[in-house]
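Here are my notes on the model you sent over.

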Amino acid sequence: MGVMVSSDELRRATMEYLDWRIYGFFFAFTSVMFRALFVGITRTKVLTLASVVMSVVNVVLDYLLIFGHAGLPRLGIAGAAIASASVPFLASYPRLTVDRRRYGLDRLRRFDFRLIRQVLSISGFTMLQYFISMSTYFIFFLAVERLGQRDLAVANIARSLYIALFIPVSALSTAANTMVSNLLGAGRTQEVIPLIRHLTLISVGITALFAALLVLLPRLFLSVYTNEAELITASIPSVVVIALASLSSAASSIAFSAISGTGNTRHAFLLEMLALAVYTLYIYVAVVRLR
């Protein structure tokens, strides 16, 4: 952090958060595996329930631990790192509702190197793709941090709104990935392209609705994040840009997930690398050179 972050105050806050959040990775990994199971067997309602449970627990514990209510210590940003939980729910749900024997959840199995190789041959490119994708986000925020804390605050608010705007697209993209795989597995290849078109129309339609609200009422949405008038005003141009950019993302994400759903992760990886190369070049020109 000393090498990457120039602000002493920001570096201290980051370390305070990471000192606790690092332990959450083990639970996050478990949660991701259960989520993959339920998406794969098309039991996605449980993910909605898990999200509700996690959100309620997170909000309540954030309130109690960040501000020190109900006799709990006031931990500040460290409290935010501690206040997440969905693994107990996701781990207990299969025991109650899923045929564990059918999916091999009823016992520990021997370590199958052949299966691991088979999984990695498909997922290796996807793992590398996500790693590099997250790295470019990281590079972006490191570059913006050197412009000043106000610019970093604007970038974080804009990204948070973009993620919120992207939630329906992300869900539809996951559906596209799974449904394309299922159609190909069932030999119904002629239905793949119509499915992609249908999901793309839904994705763009939903995104256009939310993007229009964001452009028309930016101050209303930004006031959720801050009550500082100057910061809200400084964030509006970025919010308008991400609202417009989300329309192209709504279409491209469906197509991209459909490619991954065919199992052709090598081509998906190459497409991602092309996009990220342009993105990284833009960061260098816009932030580093033009500031």
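The points below go through ground rules, the surface, helix packing, salt bridges and a few backbone details.

1. Ground rules. This is a predicted model, so local features need pLDDT of at least 70 and side-chain atom pairs count only at pLDDT 80 or more, while totals for chains, interfaces and linings use all residues. Residues are numbered from 1 along each chain as its sequence is written, and side-chain values use heavy atoms, with hydrogens and water left out.

2. The nonpolar patch. W20, I22, Y23, F25, F29 and I82 make a nonpolar surface patch of about 640 Å². A patch here takes residues with over 30% relative accessible area and no salt bridge, joining like charges within 9 Å and nonpolar side chains (Val, Leu, Ile, Met, Phe, Trp, Tyr) within 5 Å. The areas are Shrake-Rupley values with a 1.4 Å probe, and for residues only the protein chains shown count as cover. Helix α1, residues 8-40, gives the most to this patch, with five residues. Helices are DSSP runs (H or I, at least four residues), numbered from the N terminus.

3. F25 sits in helix α1 and has a relative accessible area of 37%, so F25 is partly exposed. The classes are buried for under 20%, exposed for over 50% and partly exposed in between, with the 1.4 Å probe and protein chains only. D19, also placed in helix α1, is partly exposed at 45%. D19 and I82 lie 63 residues apart in sequence, yet their C-alpha atoms are 10.0 Å apart in space.

4. The α6/α7 contact. On the α6 side, the residues that meet α7 include L161, L165, P168, V169 and L172. Across from them, the α7 residues include V192, L195, L199, I202 and S203. Contact means heavy atoms within 4.5 Å.

5. T178 in helix α6 is buried, with a relative accessible area of 13%. Leaving out residues up to four places away in sequence, T178 touches V39 and T42. S31 in helix α1 counts as buried at 8%. S31 and A50 are 19 residues apart in sequence and 9.8 Å apart in space, C-alpha to C-alpha.

6. Salt bridges, part one. Side chains of opposite charge can pair when their charged atoms come close. The cut-off here is a side-chain nitrogen of Lys or Arg within 4 Å of a carboxyl oxygen of Asp or Glu, and a search of the whole structure finds four such bridges. One joins R11 and D8, with the closest N and O atoms 2.3 Å apart. R11 and D8 are three residues apart in helix α1, so about one helical turn separates them. R11 is partly exposed at 22%, and D8 is partly exposed at 44%.

7. Salt bridges, part two. E228 and R150 pair at 2.4 Å, N to O. E228 is partly exposed at 35%, as is R150 at 34%. Another bridge joins E191 and R188, the closest N and O atoms being 2.9 Å apart. Salt bridges that share partners also join R150, E228 and E230 into one network.

8. Which phi values are positive in residues other than glycine? A70 has phi near 55 degrees and lies in the loop between α2 (45-67) and α3 (77-82), where A70 is exposed at 68%. R291 has phi near 50 degrees, again a positive value in a non-glycine residue. R291 is placed in the segment after α10 (265-289) and is exposed, with a relative accessible area of 60%.

Note on methods
Helix = DSSP H or I, 4+ residues; strand = E, 2+ residues; numbered from the N terminus.
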